[in-house]
Amino acid sequence: MALAWAVGAGGPIAVADAVAPPPSSTPAPAAAPTAAAPAQAGGTQGDAAPAAEAPAPGQAAADFKSLDQEVQGMKKDVIDLNKDLFVLQEELLFPANTQVAVYVSMDVGAFFALDSVTLKIDNKEVKNYLYTAREADSLLKGGVQELYLGNLKVGKHELVAFFTGKGPVERDYKRGATITFDKGVGAKYLELKITDRVTKHQPEFKIKDWE
Amino acid sequence: MLHRFWGLALSSLLAGAALSAVPTLLGKPAPDFALKGMDGKNLRLSEYRGQVVLVNFWARWAGDSRRELPVLDRINTTYNRAGLVVLGVSVDEDVRRAREFAEGMKLGFPILFDATPDIGRDYSIEKMPMTILVDRSGVVRYVSAGFKPGDDRAYLDQIRELLRE
């Protein structure tokens with residue numbers, strides 16, 4: 001039984017590939033026995049063969065329920081397996097000793113409308129993400145986005161983030177923020193935080209260790 | 001006569017070769033992208049999940065694009081109310097001139113601009129223009145490279161089928 005799985009894109013496994021087709025001996029509905037001569041036909045047909053034994057409606061419903069439960073169980077197994085495979089893929093592609101993740105969060109009101117973020121690590125562009133209105137709104141409502149997941153060797157590294165959007169008074173706004181960090185043997189998590197700086201009526205962009 | 005025969009055979013072979021790379025998208029999730037539109041807003045393909053989406057990759061230097069875009073505009077006008085979303089993606093490196101071209105066409109559907117080779121690579125665009133239809137689950141169900149008279153009929157058949165699902 002071929003098992004087709006798709007990970008990374010977050011798509012579910014193509015269940016049709018993983019689940020074997022139900023047995024073809026599924027009981028027919030109760031209306032099936034049309035070929036059998038009715039037993040109470042008054043004996044007019046002398047050569048009527050004994051009526052074929054049709055499954056009772058209750059039995060058919062029970063069999064169907066059992067089959068449905070079996071299919072649901074298999075679907076759940078497939079989904080669990082998909083999840084395990086996804087986690088395994090993450091561990092293989094981004095092992096903890098080299099893993100670096102960058103998250104974005106926003107806590108702004110009137111001073112900044114986010115349009116895009118560009119990320120550079122050690123002077124190499126690793127991510128350029130455009131935000132739709134829906135995504136920016138999600139961040140404003142407290143969502144945190146995993147912007148980048150990658151691998152870095154142990155040692156010192158520099159991360160530069162450029163934020164583009166609309167600033168106060170609807171003007172185009174582009175600002176950068178930099179952090180130099182030490183990548184140790186464990187996974188490194190960094191947060192790009194955009195907040196309002198009320199005293200200066202400007203947005204503020206910070207990069208810090210994600211807690 | 002023989003010359004014409006070999007010419008016809010060669011053009012058929014080339015047409016087949018141009019299309020053979022394209023069907024690799026069929027049945028697979030449409031590669032996601034986010035691009036800036038003419039109105040300055042960013043649009044992401046995956047946010048249209050649940051709707052039928054027609055994505056047309058075009059360029060102002062492709063003669064077939066000039067013929068196809070007005071056809072797609074009519075399709076958008078007719079089927080937008082039925083739930084069809086039409087997106088035009090310019091893969092022209094000169095965004096300014098592509099924008100001028102699109103403004104002149106006065107199209108009623110969103111036009112997005114991609115000046116990088118990323119989308120062309122993701123969608124294996126080898127012949128322009130290219131049109132794909134994405135179903136409500138985000139799967140590519142139809143791919144057409146180039147545009148010739150009669151292709152719009154094929155689009156309509158596919159669109160109606162997907163809208164009925």
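What percentage of the 211 residues in chain A is made up of buried residues? I shall open with that question, and the answer is 11%. Please keep in mind throughout that we are looking at a predicted model.

Let me stay with chain A for a moment. Its secondary structure comprises three helices and eight strands. Reading from the N terminus, the elements follow the order α-α-β-β-β-α-β-β-β-β-β.

I turn now to chain B. Here there are five helices and seven strands. From the N terminus, the order is α-β-β-β-α-β-α-β-α-β-β-α. Of the 165 residues in chain B, 29% are buried. For contacts in chain B between residues at least 6 apart in sequence, the share joining residues at least 24 apart is 69%.

Finally, let us consider where the two chains meet. How many residues of chain A are in contact with chain B? There are eight, and they touch nine residues of chain B. On the chain A side, the residues in question divide into four nonpolar, two polar and two charged.

To summarise, chain A presents three helices and eight strands, chain B presents five helices and seven strands, and eight residues of chain A are in contact with nine of chain B. Thank you for your attention.

Definitions and conventions:
Residues are numbered from 1 along each chain as its sequence is written. Chains are lettered from A and ligands numbered from 1 in the order in which they are written. This is a predicted model: local features need pLDDT of at least 70, side-chain atom pairs count only at pLDDT 80 or more; totals for chains, interfaces and linings use all residues. Two residues are in contact if their C-beta atoms, placed from the backbone, lie within 7 Å. Ala, Val, Leu, Ile, Met, Phe, Trp, Tyr, Cys and Pro count as nonpolar, Asp, Glu, Lys and Arg as charged, and the others, Gly among them, as polar. Helices (H or I, at least four residues) and strands (E, at least two) are DSSP runs, numbered from the N terminus. A residue is buried if 20 or more other C-beta atoms lie within 10 Å of its own, exposed if 12 or fewer, and partly exposed in between; C-beta atoms are placed from the backbone.
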